[in-house]
Amino acid sequence: MDAILIQILNGLDKGGAYALIALGLTLVFGTLGVVNFAHGALFMLGAFVSVTVQNILTISRKVKDESITFFDAYKETPYLEIWWGDTGAMIIDYAVPISIFVAIPVMLLIGLAMERGLIRFFYKREDADQILVTFGLAIVIQEIVKANYGANPIPTPAPEVVAGSAPVGSWVGLGADLVYPWWRMIYLSFALTVIGAVFAFLHYTTFGMVVRAGMHDRETVGLLGINIERRFTIVFGLAAVVAGLAGTMYTPILPPDYHMGMDFLVLSFVVVVVGGMGSLAGAVAAGFLLGILQSFASMNEVKSIFPGIDQIIIYLVAVVVLLVRPRGLMGKD
Amino acid sequence: MAPETGFPCEQFYYHEEVDKVMSDDIKNFSTLSRRGFLKTSVAGAMAASAPAFFVNNAYAYTNAPKGSTVTFGFNVPQTGAYADEGADELRAYRLAVKHINGEGDGGMLNTMRPAALKGDGVNGKKVDFVTGDTQTKSDAARASAKRMIEKDGAIMITGGSSSGVAIAVQSLCHEQGIIFMAGLTHSNDTTGKDRRKYGFRHFFNTEMSGAALAPILEKEFGNDRVAYHLTADYTWGWSQEGSIKKYTEALGWKTGDAVRTPLGAGDFSQYITPVLNSGADVLVLNHYGKDMVNSLTQSVQFGLRDKQVNGQDFQIVVPLFSRLMAQGAGDNIKGIYGSTNWNWSLQDEGSKAFVKSFGAEYGFPPSQAAHTCYVQALLYADACQRAGTFDPCGVIEALEGHKFDGMGNGPVEYRQEDHQCFKDVLVVRGNEQPASQFDLLKVVEVTPRSKVEYSPTMDGYSGNLGSCQAA
C-alpha cells in the first residue's frame, strides 16, 4: 500500500511536468498549427531563469585563498548576506520562488520574440520546414545556454524550510516512515494551479473565447473583423510562460543543464499524441496518466515480471493508442 | 634519430651488406674451399630469402609520419552531458602537446622519471593534433576516431569519458593498428575481458575502487550493513556494482536489491522510493556525471540522509567521484564517501607541477579526467621516444611493463598482461568546510597500490590482448 501511494505521488509529480509542457505544445499546435520542437528549449530557459536569479542574488565578495598560488581560488560571501545578514540569506534561500515572478515576463517576451521574429514566417510552409526550423532553433538556444553556463548541471536548491520530506504516511495512517519531498508536492500543486489558470483563462475570458473560436474556425473569426493573428501570437507567449514556469519550478528536483529541455520534449510529444493533437484536456490527462504508468512500471515487482518495461512503457502506450484510437484519447476526428 | 624498422633506407643498407658478402665470396669461388662454399651458400640463402624477410618485418604501419610533424588524435566529448569534462580533457591535451614540443614550463616533463622526452618533440618531430567529438556515444566516437585515423593521419587516439565509448574505440583502434590511450574509463572490462593489445589505460577501475573503499566503509559504517544499489544500466555500472558488492560482502555487509536504472533517467524518484522501506541502511549510487548529480540530489530530498534504519544512520556512498561533477550536486555531496583517480590538492611534485602549469594556463585547477589524459599523452610520447619509432609494435613494447614515477600517483606500472596502470588510489569525502569553490573533495586515504592489485587472470577479468600486428 505504501509503495502504491508513493508511486502514485511520483507519477502525479512527473505527470505535472509532462502536462505543463504538453499543454503549451498542444496550445500552439491547436492555434497556430505549428509543431514546435523548440518548446522543450522554453522549459529549459525557464529553468535557467532560476539559475540566473540565483546567480544574481549570490553575487559575492571574494576573499582570495592565499594558500593557493597556481590559480585564483576564492572563499565567496554573498553581498546580500554581508549587507542584510539573516534577511539576505533568506532572500537567497528563496531564489527559486522569487524566480517565478521574473520568469513570467521574461518567458512572455522570449515567446513573443520567437513567434514574431521567426516562427510566423513558417505558418504557410511545409510541416517539414516548420519542424526543421523549430528544431534548429532549439539547438541554437541550447548551445547559447551551454556557452554561458557550461554543460554540467547547476544546483538550485529549494528553500530550506521545504527542502526535506513531509510525513505523508502519518497523514493517511500508514506510518511515519512513509515520506515524500515537500517540494515535489509543491510542484504538483503548482502544476495543477497553472493548468487550472490556463483553462480558466481560455474558458472564462473574452480573449479565451475568441482564441477557442479561432482554434475551431480561424477564417470565420477573421471575417468577423477580429485580429486573430495577434491573439494567437499572445497564445504563443502564454505557452512559453507555461513551459518556462514548469522549468523554473522543476530546478530543485532536477539541477538544470542545457539539455534538459530535449529530454522532456520527446516525452511531451508522446503525451500530446496520446492525449490527442490539439486537445488541451487530452494533453493534461495523458501527462498524468503516462507519469503514473511510468512510475508503476519502475517498481521492482513489475520489472521482475517484465524486465525493462520502465524504459518502454510510455512508447508502448503510444503505439497501442495510435493503433486503437489514432486521434488520441481525447482528440477529435 | 634512430632508424625506423623497415624504412626503405634501412632496407637499402641491408642489401648493400648482403651484396658485399656475396661479391667477396664470388671472387673467391675459383679457389673454393669447404668454408667458402658454406659461406657462399649461407649468403645465397639469405639473399634468396631477403624479399620475404623484409615483407614479414617491414610492414608499413598505419599513418607512419612522413613530414616534420606527427599527429595525435584527441577524441573527447565536445557535446552532450560530459562536454565540460571533455573540454577539460582537451585543455590537458593542448598543454601536453605544448610541453612535449618544448613550450611552456614543461609541467610533468620536469618530474616524470624515467623520461626520454627532452622537450623538443618526439623522435625529432613536432607534435600536432586533431580533435574529434565522441558525444559520449559509442557509434559517434568510433566514427570520429575513424575519421581522425583515415583522413587526418592520426598515429594515436586518446581521450573519452565513458567506458562504453572506450571499449568501442579501443576495439576499432586495435583493428586499425593504432594505439589507443584511454581517457576516463573506470569499468573493469576496458582492461579486463575487452582488453586489447593496442589499448592502454592509466585511469583506475572499479575493482580498485572497491578494494580501496572497503576498509574506509568498514571503519566509518561498521560491518553490519544492508546495501541497496542503484546502478547505471551499462558496462561501467555493472562493473562497479559487481566490485562494490564483492568487497562490501567480504566485510560482512548484505546486499539488498540492486536495481538497474536507464542512463540519463533524469528523475530517479521511482527508483529511490522503494529504498525507503527496503530495510537497507546504505544506498550505493553506481552513477556518474549527470545521473549521479540527479540521483544524489533526489535521494537527499527524499530524506534518506536523515533516516535511521536498523538502529543506524542511513548512509549514501558514491564509489566514483569527480570534482567537476560534484559541483552539480552542491551541498548534497558534503560528507559522502567515494574514490577518485587523482585530485588537484595532492602535494607530490608531479601533481604540483601539473596543477601549476594548468592553473597558469587556464585559471583553475584540472579535473581527474584532465590529469589522466595529460599523463596518457606524455606516456605515449615518451614510449615513442624510448622505442625510437612510432611503429605501434615498438611503442607497445615500450609501454608494456613500463614503470614510472613523478606523475601524481606515486610509483606506477603499466602491467604487461592487461595494459592496466597500477598505482595508489584516493578515497575521498565531500568536503564539509570547503576553503574555496574548488575545494570540494577531501582526501581521507591514499590506498597504496599493493592493496588494490589483482591477478590479470582473475575470474571475470581475463581477456585476450591479441597480437600487435592486427592491422
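A: In α1(A), the residues A17(A), L20(A), I21(A), L23(A), G24(A), L27(A), V28(A), T31(A) and L32(A) meet F232(A), V235(A), F236(A), A239(A), V242(A), A243(A), A246(A) and Y250(A) of α10(A). Here two residues are in contact if their C-beta atoms, placed from the backbone, lie within 7 Å, and helices (H or I, at least four residues) and strands (E, at least two) are DSSP runs numbered from the N terminus. This contact divides into 15 nonpolar, two polar and no charged residues; Ala, Val, Leu, Ile, Met, Phe, Trp, Tyr, Cys and Pro count as nonpolar, Asp, Glu, Lys and Arg as charged, and the others, Gly among them, as polar.

The model is predicted, with local features needing pLDDT of at least 70 and side-chain atom pairs counting only at pLDDT 80 or more, whereas totals for chains, interfaces and linings use all residues. Residues are numbered from 1 along each chain as its sequence is written, and chains are lettered from A and ligands numbered from 1 in the order in which they are written.

The axes of α1(A) and α10(A), the latter spanning residues 228–250, are 9 Å apart at an angle of about 170 degrees. Axes are lines fitted to C-alpha atoms, for helices over the stretch in contact, and angles run from 0 to 180 degrees between N-to-C directions. The two helices are therefore roughly antiparallel; angles under 35 degrees count as roughly parallel, over 145 as roughly antiparallel, 65 to 115 as roughly perpendicular and the rest as oblique.

Helix α1 (residues 2–32) of chain A also packs against helix α11 (residues 260–275) of chain A, at about 70 degrees and with axes 9 Å apart. That angle makes α1(A) roughly perpendicular to α11(A). From α1(A), this contact takes A17(A), Y18(A), I21(A), A22(A), L25(A) and T26(A), and from α11(A), F264(A), L267(A), S268(A), V271(A), V272(A) and G275(A). Nine of the residues in the contact of α1(A) with α11(A) are nonpolar, three are polar and none is charged.

In α9(B), 12 of the 12 residues are buried, so α9(B) is largely enclosed by the rest of the structure. Just after α9(B), G303(B) has a positive phi of about 80 degrees.

Notes. Buried ≥ 20, exposed ≤ 12 C-beta atoms within 10 Å, placed from the backbone.
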